[in-house]
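User: I would like to learn how to read the surroundings of a residue and the packing of a chain. Please take me through one example.

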Amino acid sequence: MSVYKGIDVSKWQGRIDWNLVRSDGIQFAMIRSSFGWGDGSKDFLFDTNYDNAKKVDIPVGAYHYSYARTPEEAVKEAEYCHSIIKGRKFEYPIAYDMEENGVASLGKERVSAIAKAFCEKMESYGYYVCIYANKHWLENYFTDEILDNYDIWLAQWTEKPTFNKPYGMWQKSSRGKVAGINGYVDLDIAYKHYPSIMKFNGLNGYEKTEKKPYKPTKKPEKKVYKAGNMISLENIKLYATATMTSESNCISGEYFIYDGKIINDRLRITNSRGNVNRKPIGNFVTGYVKLSDLE
C-alpha cells in the first residue's frame, strides 16, 4: 500500500516556510479554512498558507472546525466554509473537524445529524468531504450511516491506529517537527491517492477528466530460488567460484539449485537433483551462476 506524508496547519503554526516543508518530505497539507460561521471566523493565515503551499507544488486540502449544535447550524458552517474556499482547487478532501465536548454531549444521533448536514451541503457544492474526529468520537458519537458513507480522517496519537473501520487519513501525532515550521505540528498519513480522485471525478474545483484514477504500480516480486528447484539455462555464464571474475564456461540445459544460498550475488547449481545439498560441496556443485543472468 502506498502512503503519503502530510501535515495539518492553522494560524497556530504562524508563518511557514513552505519550501523547507517540501524539502523535508511532506507530500500534502490540510489547511484550516475556518471555524464556526459569521464574521471573523476565517483562519487569517488560510490564504497565505494555501497560496504558498501551492507555489511549491504541495497538494492541499482544507478543514473547518465545527461548533454547530444543530443540523441548521452545520449548514451555516458549510455555507461559510464554501464562501472562503470557492474558486480554489484542492487535491485533498474538505474535512469537517468535530471535537467540541459540548457537541459530544448531544449524543450519537444528533452528532451524526450535524455531520450529515455539513457533508451533504458541501457535496452539493461539488466537494469531496471527510470527517475528522478522534477514535473515541468515531466509536461513540457517529452512526454506521456516517462511518459507512463518508471518508474518515482518524485522529489517534499512537504508534499504530486501532480504529476498526475504514479511514482514508490518519493524524498520527500532534508533536511533529518539520523544517520550515516553528514549534510542533500535526503529522498525518494518507492512504489514498486523493489528487487522482479529485481530478478524475471533477471534485474540489477540478473539471472531470477521462483519465483513470491513479493506482500505484506493484513492485515486481523477487524470484525465490530454493534448493532442488529446476532451472532452464541458455548460454549462461558459469563461474568456478563465487568470486571469480571471468567465467569458466557457458552452459545450456536443465540444472538444479544446489542449496539456494546467495553468495556474492551468485547461486550454486548442480546437474542432478540427487546432488542437491550433498557434501562435500566441491564434488557435487557444477559451478556458480549470477542472479542477474537468471532474471
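User: Which residues does N204 touch, not counting residues up to four places away in sequence?

Analyst: Please note that this is a predicted model. A list of contacts shows what surrounds a side chain in the fold. N204 touches R88, K89, F90, Y92, P93, I94, G126, Y127, Y128 and M198. N204 itself sits in the loop between α8 (194-201) and β9 (230-238).

User: Is N204 buried or exposed?

Analyst: Burial is read from relative accessible area, and buried means under 20%. N204 has a value of 0%, so it is buried.

User: Which backbone atoms lie beside polar atoms of the N204 side chain?

Analyst: The backbone oxygen of Y92 is 2.9 Å from a polar atom of that side chain. The backbone nitrogen of Y128 is 2.7 Å from a polar atom of the N204 side chain.

User: How should I read the nonpolar core, and which members touch the most others?

Analyst: In soluble globular proteins, nonpolar side chains tend to be buried together. Here the largest nonpolar core has 55 residues, of which I7, W18, I85 and F142 touch the most other members. Helix α5 (residues 108-124) gives the most to this core, namely seven residues. A second, separate core of 18 residues includes M30, W153, M169 and Y194.

User: What does I85 contact beyond its neighbours within four places in sequence?

Analyst: I85 is in contact with S33, F46, A62, F90, I94, M122 and Y127.

User: What does the radius of gyration say about the chain?

Analyst: The chain has 10 helices and 12 strands. Its radius of gyration is 28 Å, well over the 19 Å from the globule rule for 295 residues, so the chain is more spread out than a compact globule. The C-alpha trace spans about 85 × 40 × 40 Å along its principal axes.

Definitions and conventions
Residues numbered from 1 in each chain as written. Predicted model: local features only at pLDDT ≥ 70, side-chain atom pairs only at ≥ 80, totals over all residues. Heavy atoms only, no water. Helix = DSSP H or I, 4+ residues; strand = E, 2+ residues; numbered from the N terminus. Buried < 20%, exposed > 50% of the residue type's maximum accessible area, 1.4 Å probe, protein only. Polar contact = N/O pair within 3.5 Å; in protein donor to acceptor, adjacent residues only side chain to side chain. Contact = heavy atoms within 4.5 Å. Core = buried A, V, L, I, M, F, W, Y, C linked by side-chain atoms within 4.5 Å. Rg over C-alpha atoms; globule rule 2.2 N^0.38 Å.
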